[in-house]
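Visitor: I am new to this structure and would like to look at how its parts pack. Could we go through it together?

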Amino acid sequence: MGHLRSRAHRELQGLLVDLRKGTGLTQISFASRLGWQKSGVERIEAGHQIPTRLEARERAIASGITPYALTWRLAARLKRKP
């Protein structure tokens, strides 16, 4: 899974992957939508890089949800048993 440090980081990684997949976009297309290099999307999705708040915010918006909704969805995932 990469180098993620905590369960919260792993849940955020999974949520961001699910959001991108929900758009129906490939990593390349999603990176283009963000104005990023594909490697930036790959590193986060592979767990090699923890996204900054700004990166997570940008990904939420590019996925069609608000940053607040991203926070809510992450909190819901964290409430589930590990």
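Visitor: Which residues in H1 meet H5?
Guide: On the H1 side they are Arg7, Ala8, Glu11, Leu12, Gly14, Leu15, Leu16, Asp18 and Leu19, and they meet Leu70, Arg73, Leu74, Arg77 and Leu78 of H5 (heavy atoms within 4.5 Å; helices are DSSP runs, H or I, of at least four residues). The model is predicted, so local features need pLDDT of at least 70 and side-chain atom pairs pLDDT 80 or more, while totals for chains, interfaces and linings use all residues. Residues are numbered from 1 along each chain, and side-chain values use heavy atoms, without hydrogens and water.

Visitor: What is that contact like by class?
Guide: The contact of H1 with H5 has eight nonpolar, one polar and five charged residues, with Gly counted as polar.

Visitor: At what angle do the axes of H1 and H5 cross?
Guide: The axes of H1 (residues 7-23) and H5 (residues 67-79) cross at roughly 125° and come within 10 Å.

Visitor: New topic: which residues line the largest pocket?
Guide: Its lining consists of His9, Leu12, Ile50, Pro51, Thr52, Arg53, Ala56, Arg57, Pro67, Leu70, Thr71 and Leu74 (an open set of points on a 1 Å grid where a 1.4 Å probe fits, with protein on both sides within 12 Å along at least five of seven lines, and lining atoms within 4 Å of a point).

Visitor: Which helix gives the most to the lining?
Guide: H5 does, with four residues. The lining of the largest pocket divides into seven nonpolar, three polar and two charged residues.

Technical notes:
Axes are lines fitted to C-alpha atoms, for helices over the stretch in contact, and angles run from 0 to 180 degrees between N-to-C directions. Helices (H or I, at least four residues) and strands (E, at least two) are DSSP runs, numbered from the N terminus.
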